[in-house]
Amino acid sequence: MKSEPSVQSIDDLAAMPSQKVGWFGVRNYLARNYMRDQMAEGDTVFFYHSSCPQPGIAGIARVASLPYPDPTQFEPDSEYFDPKSSSENPRWIQVEVGFVRKTRLMALPELRATPGLEAMPLLQKGNRLSITPVSAEEAAVILSLLA
DNA sequence: GCCAACGTTGGC
DNA sequence: GCCAACGTTGGC
């Protein structure tokens, strides 16, 4: 899951009293569907810093809730407000993401150079999704290098 | 700041 | 339903 560290970094997550944050603001259907259909509570999440001097994996987190409606879609003053959404039929959902640990930065060039990660959607040309799936095998490769 | 890639919008 | 125009993402 990508986050701009200037908005919310792994350190920010670690510093929260609950060490959890609702992953609000996802407004892409594919990314939403990954949260809704592909994630389960307890799943490992790689916390990726994007749009920053050194993009890469900065920590490990965990899916800490079932999917539920993203409250910002109903807030007229929010930049994430969606007038086409309704509480009866919410369009956007989020999950809670819980801090597990900070890791060394596994930067994008290292990810690209690591055997076994070539097929990761995150690394595919043109990928812009803020949430992409990681296979169990890919996760094991990454975790072994972050140990 | 540039630009490739891709999603969304809206006219028809 | 098509598709051009436009907006956004995000690495560099």
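## Threonine 72 and the β5–β6 loop

A polar contact of 2.7 Å links the side chain of threonine 72 to that of aspartate 70. The model is a predicted one. Threonine 72 sits in the loop that runs between β5 (68–69) and β6 (93–94). Its relative accessible area is 10%, and because buried means under 20%, threonine 72 counts as buried. Leaving aside residues up to four places away in sequence, threonine 72 touches Phe24, Gly25, Arg27, Ser78, Tyr80 and Phe81.

Proline 76 is also placed in the loop between β5 and β6. Is proline 76 buried or exposed? With a relative accessible area of 60%, proline 76 is exposed. Its C-alpha atom is 42 Å from that of alanine 140, a residue 64 places away along the chain.

## Overall fold of chain A

Chain A contains four helices and seven strands. In sequence order, these elements give the pattern β-α-β-α-β-β-β-β-β-α-α. The radius of gyration of chain A is 15 Å, close to the 15 Å given by the globule rule for 147 residues, so chain A is as compact as a globular protein of that length.

Along the principal axes, the C-alpha atoms of chain A occupy a box of roughly 45 × 35 × 30 Å. Buried residues make up 42% of the 147 in chain A. Of the contacts in chain A between residues at least 6 apart in sequence, 68% are between residues at least 24 apart.

In soluble globular proteins, nonpolar side chains tend to be buried together. In this model, the largest nonpolar core has 21 residues, of which Met1, Leu13, Trp23, Met35, Val97 and Ile131 touch the most other members. Two or more residues of this core come from each of α1 (10–15), α2 (29–38), β3 (44–49), β4 (56–63) and β7 (96–107).

What does leucine 13 touch, not counting residues up to four places away in sequence? The contacts of leucine 13 are Gln19, Lys20, Val21, Phe47, Ala61, Val97, Gly98 and Phe99. There is also a second, separate core of 14 residues, with Tyr48, Ile57, Leu108 and Ile142 among them.

## Surface at DNA strand C

The residues around DNA strand C are Lys2, Tyr48, Ser50, Ser51, Pro55, Leu108, Arg128 and Leu129. By class, four are nonpolar, two polar and two charged. Sugar or phosphate supplies 75% of the atoms of DNA strand C within 4 Å of the protein, and bases supply the rest.

For arginine 128, a polar side-chain atom lies 2.5 Å from a base oxygen of DNA strand C.

## Surface at DNA strand B

Around DNA strand B are Asn28, Tyr29, Lys125, Gly126 and Arg128. Of the atoms of DNA strand B that come within 4 Å of the protein, 76% belong to sugar and phosphate. The residues of this surface comprise one nonpolar, two polar and two charged.

A polar side-chain atom of lysine 125 is 2.7 Å from a phosphate oxygen of DNA strand B. Arginine 128 has a polar side-chain atom 3.0 Å from a base oxygen of DNA strand B.

Terms used:
Residues numbered from 1 in each chain as written. Chains lettered and ligands numbered in written order. Predicted model: local features only at pLDDT ≥ 70, side-chain atom pairs only at ≥ 80, totals over all residues. Heavy atoms only, no water. Near = heavy atom within 4 Å. Polar contact = N/O pair within 3.5 Å; in protein donor to acceptor, adjacent residues only side chain to side chain. Nonpolar A, V, L, I, M, F, W, Y, C, P; charged D, E, K, R; others polar. Core = buried A, V, L, I, M, F, W, Y, C linked by side-chain atoms within 4.5 Å. Buried < 20%, exposed > 50% of the residue type's maximum accessible area, 1.4 Å probe, protein only. Contact = heavy atoms within 4.5 Å. Rg over C-alpha atoms; globule rule 2.2 N^0.38 Å.
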